[in-house]
Amino acid sequence: MAQQLLMPKATAVWLVDNTALSFDQIAQLCKLHPLEVKAIADGESAQGIKGLDPIATGQLSRDEIARGEANPNHKLKLSEPKVRVPDSKRKGPRYTPVSKRQDRPNAILWLVRNHPELKDAQISRLVGTTKSTIEQIRERTHWNSANLTPMDPVTLGLCSQIDLDLEVERAAKGRPLPTAAEAGATLEAAQETEKLGYDFDREEEKEIDADAVFAKLKSLKSDRKDEEDDEY
């Protein structure tokens, strides 16, 4: 992997302000056009960008800058990095062990039935199959359709639960919101509810007769006293 300069425009700003390098040399190092470097020097471009010192970041040495200042034809070279970061491997088609390839149709059938929102490309990434196979299972034209049984691909070991949840989440983001009929809405329209009356039968509050209440309490009290006397 070829070395790349960190923040090239900010580095160009620093080199213009702090070195005697030519515009062509800075442009060649920072992968910019010489006219853009000239615009930076004239203050017409990159006015809000703070310069980045390539010496402090270890991308350029002082000796290399001195050689460039002494020879306008010298092409600046980046310093060798002290730490090598391994290149990330590109993700290709998921490899499925031979022992589990016979379970892929069952996993595809499970995904098609339980997650119809998944696209063919997503199912292909999960279980490592082809779009033609997915289409055959969807349309029940697969040569072994009669013997297929839906089985969870996570249980079969064809993919992880994290990968499955991630693909389902991605599919849900692009899915349109359900309509009122699909959501099973039971609320009636506002114009319908406005026509309803609110005729509740309310009992009229009766005036409380204080004398009748106290008379009733006295009678209850006397009855209780008579019952106690009878016990003795």
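Colleague: Why is Asp 120 called partly exposed?

Modeller: The relative accessible area of Asp 120 is 25%, and the term covers what lies between buried (under 20%) and exposed (over 50%), found with a 1.4 Å probe on protein chains only, so Asp 120 belongs to the class in between. Please bear in mind that this is a predicted model, in which local features need pLDDT of at least 70 and side-chain atom pairs count only at pLDDT 80 or more, while totals for chains, interfaces and linings use all residues. Residues are numbered from 1 along each chain as its sequence is written, and side-chain values use heavy atoms, with hydrogens and water left out.

Colleague: What makes the pairing of Asp 120 and Arg 138 a salt bridge?

Modeller: The N to O distance between these two side chains is 3.0 Å, and the term asks for a side-chain nitrogen of Lys or Arg within 4 Å of a carboxyl oxygen of Asp or Glu, so the pair meets the condition. The two residues sit in distant parts of the chain, with Asp 120 in helix 6 (residues 120–127) and Arg 138 in helix 7 (residues 131–138), 18 residues apart. Arg 138, at 35% relative accessibility, also counts as partly exposed.

Colleague: How do you know what counts as a helix, and how many helices does the protein chain have?

Modeller: Helices are DSSP runs of H or I with at least four residues, and strands are runs of E with at least two, numbered from the N terminus; by that rule the protein chain has 12 helices and zero strands.

Colleague: Which residue forms a salt bridge with Lys 9, and how close are the N and O atoms?

Modeller: The partner of Lys 9 is Glu 36, with the closest N and O atoms 2.9 Å apart. Because Lys 9 lies in helix 1 and Glu 36 in helix 3, the pair ties together parts that are 27 residues apart in sequence. Lys 9 has a relative accessible area of 29% and is partly exposed, and Glu 36, at 25%, is partly exposed as well. A search of the whole structure finds six salt bridges.

Colleague: Is Glu 167 buried or exposed, and how do you know?

Modeller: Glu 167 has a relative accessible area of 6%, so the residue is called buried. Glu 167 forms a salt bridge with Arg 125, where the closest N and O atoms are 3.0 Å apart. This pair links distant parts of the chain, since Glu 167 is in helix 9 (residues 161–173) and Arg 125 in helix 6, 42 residues apart. Arg 125 itself is partly exposed at 42% relative accessibility, and a network of salt bridges links Arg 125, Glu 167 and Arg 170.

Colleague: Which residues of helix 1 are buried?

Modeller: In helix 1 (residues 8–18) they are Ala 10, Thr 11, Ala 12, Val 13, Trp 14, Leu 15 and Val 16. In the protein chain, buried residues make up 28% of the 232 residues.

Colleague: What makes the nonpolar surface patch?

Modeller: Phe 214, Leu 217 and Leu 220 make this patch of about 330 Å². Patch residues have over 30% relative accessible area and no salt bridge, with like charges joined within 9 Å and nonpolar side chains (Val, Leu, Ile, Met, Phe, Trp, Tyr) within 5 Å.

Note on methods:
Areas by Shrake-Rupley, 256 points an atom, 1.4 Å probe, with all protein chains shown as cover.
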